[in-house]
Amino acid sequence: MTEQPGDWLDETAKLLALDLPEVCREGVVANLELLARHARILDDHLLAGDEA
Amino acid sequence: MIDRYNALTRTLTPKVHEGPLAGMTFVAKDLFDIQGLPTTAGAKMRLDSAPAAHDAEVIARLKKAGAALIGTANMDEYAYGFATVNAHFGTTRNPHDLARLAGGSSGGSAAAVAAGLADFSLGSDTNGSIRVPASLCGVYGLRPAMDDLPMDGVFPFVHALDTVGPFARSIRDLKRVYEVMAGRTVKSESAGRIAVLDGFFTRNAGAEAREAVATVGAHLNAEILNLPQAEAARSAAFLITAAQGGALHLDTLKNRAMDYDPAVRDRLIAGAMLPSAIYQRALDFGAVWRDIVAEALARFDVLICAATPVSAPRIDEGTIVFNGETVSARANLGILAQPLSLAGIPVIAAPLKTDKLPIGLQFATAPGREGLLFELLAKLEADGIVGFTAPVEVLA
């Protein structure tokens, strides 16, 4: 079964016992994408350190 | 106009004749407990919260020193912003140009001092919330070292990064207020080696910010220093903020999500969902970064960079341009402040002396060496390199 991005969002909200209003979803996804970019920046620097 | 307003304020406020701050007035960002008032932290939902039983510790110290608290100041909701654009209480305008942002999240405090409404003010700084509005409003702002000033009675945001500090129009006033808040006299020290930060701090500065740094750097005969991990430090601060802010607000989000400023709410929810492995990597990197900065401060007494990438953006434009990119103003005004937040060191944002729109610089040193910054900035102020310039039209 192919997982959709919304599935992850719903499952995580359920884990947190958070009722995620529909109106929030777009903003939350946009912010998660921003956090993912920052996580990649951190990874790039940390991995570059490992190679040095 | 400012002199007449100050004279009126002094007439109306109780006269206290004792203490090092006697006769001075101040306002406080509305996340400090003030006895008898609800602490809103910029959130409409907190207007009906129980009034504070006591003043926050720093407020108590300032009052004991003779300063008169005359009001509370607007802020981004729950301090999660660099703009002081508050969905419930409105946008704080920049006294130098009312069509422009004051910066945030302590924008109300910075604007009050810039406009001459109070002698000094209090803000909080997690990722740059004192330094950003200080830069955009053209006043001095101090982010102290982590755990330097008491946080009792201050509404929290990110416990790994939260600090409180003052704004003022002169370096002398900033020092006087800081000493009262800290409960100690600052040891006087002269700076030897000074470095201007390059790399990330230059790439992410617009032309006017780079010019401001070049002006100060040339005057001080500063060396150049690159800290290559600064970009990672910024990202780590971003991730730590998201995770800790989200965790703090999780219970309230479960019950009152729709009572939040939507821009703040969605950021907090995303932060609460951040996987713990990413959060932990950010924390671990924070420790590495602090060692890198400590090493730099063993070689240099003071590090300098711009406080904001640009001067105050227009309120009706959501974006700013630097590093060849057009990016969100609200998300990026603190880009140069965040790495120094994660370092946990004391930083003063000082305004370049200019007749154009204000822009500030960050002066950072090792914890316990704040005297270096005050002495250096007093010299730069006397030389006419940094300093407050009153807005042309205020309360017109």
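Ala, Val, Leu, Ile, Met, Phe, Trp, Tyr, Cys and Pro count here as nonpolar; Asp, Glu, Lys and Arg count as charged; the others, Gly among them, count as polar. The model is predicted.

The largest pocket has a volume of about 670 Å³. It is lined by 30 residues. Nearest its centre lie A:Leu34, A:Arg37 and A:His38, together with B:Ala331 and B:Asn332. Several elements give two or more residues to this lining: helix H2 (25-51) of chain A, and from chain B helix H8 (230-256), helix H9 (262-272), strand E14 (325-328) and helix H11 (329-332). H2(A) gives the most, with 8 residues. The lining divides into 14 nonpolar, 8 polar and 8 charged residues.

Chain B also contains a pair of crossing helices. Two packed helices are described by the angle between their axes and the distance between the axes. For helix H7 (residues 207-220) and helix H13 (residues 370-382) of chain B, the axes come within 12 Å and cross at roughly 100°. Angles of 65 to 115 degrees count as roughly perpendicular, so H7(B) is roughly perpendicular to H13(B). On the H7(B) side, the contact involves B:Val216, B:His219 and B:Leu220. These meet B:Leu376, B:Lys379 and B:Leu380 in H13(B). The contact has 4 nonpolar, 1 polar and 1 charged residues.

How values were computed:
Residues numbered from 1 in each chain as written. Chains lettered and ligands numbered in written order. Predicted model: local features only at pLDDT ≥ 70, side-chain atom pairs only at ≥ 80, totals over all residues. Heavy atoms only, no water. Axes fitted to C-alpha atoms, helices over the stretch in contact; angles between N-to-C directions. Helix = DSSP H or I, 4+ residues; strand = E, 2+ residues; numbered from the N terminus. Parallel < 35°, antiparallel > 145°, perpendicular 65-115°, else oblique. Contact = heavy atoms within 4.5 Å. 1 Å grid on protein atoms, 1.4 Å probe; cavity = no way out; pocket = protein on both sides within 12 Å on 5 of 7 lines; lining within 4 Å. Points joined across faces, edges and corners; volume = space filled by probe spheres on them.
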